Amino acid sequence: MDRLFLMIGALSGGISVAAGAFGAHALRARVEPRLLEVFETGARYQMYHALALLAVAWIAGRTPGTLSTAAGWLFVAGTLLFSGSLYAMTFTGIRALGAITPLGGVCFIAGWVCLALTARGS
């Protein structure tokens, strides 16, 4: 599981850098400032949780268990729901997609709780 989370975290980090560059250069002239801010929030949170996945990979390699695995999958789900909904909202302009974003936030929070409980158990 540690190698899988390492791979997903590294890929997500790279995608986040590409998204940030795309937002800064290609989107700036094409979308309204508020939507650009939304896109940048998605890229920022994706990077935070890419780094969190790298930490999960490290922890899972040393203290494997269901909580570290749950934390990793919750970070993946959170990225897809949170950042994905913000990216989709930017490209489509459909503001109702913002209703999905909090679900991703809940996944992020639950992932951090699982990570904390992993530390408690070791």
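A: Cys114 is buried, with a relative accessible area of 12%; buried means under 20% relative accessible area, exposed over 50%, and partly exposed in between, using a 1.4 Å probe and protein chains only. The sulfur of Cys114 is 10 Å from the closest cysteine sulfur, which belongs to Cys107, and that is too far for a bond. A disulfide is a pair of cysteine sulfur atoms within 2.5 Å. Cys107 is in no disulfide either, and at 14% relative accessibility Cys107 also counts as buried. Searching the whole structure turns up zero disulfides.

A word on where these values come from: this is a predicted model, in which local features need pLDDT of at least 70, side-chain atom pairs count only at pLDDT 80 or more, and totals for chains, interfaces and linings use all residues. Residues are numbered from 1 along each chain as its sequence is written, and side-chain values use heavy atoms, with hydrogens and water left out.

Now for another buried residue, Ser83, which has 1% relative accessibility. Ser83 sits in helix α3, residues 66-92 (helices are DSSP runs of H or I with at least four residues, strands are runs of E with at least two, and both are numbered from the N terminus). Leaving aside residues up to four places away in sequence, Ser83 touches Gly42, Tyr45, Gln46 and Gly78, where contact means heavy atoms within 4.5 Å.
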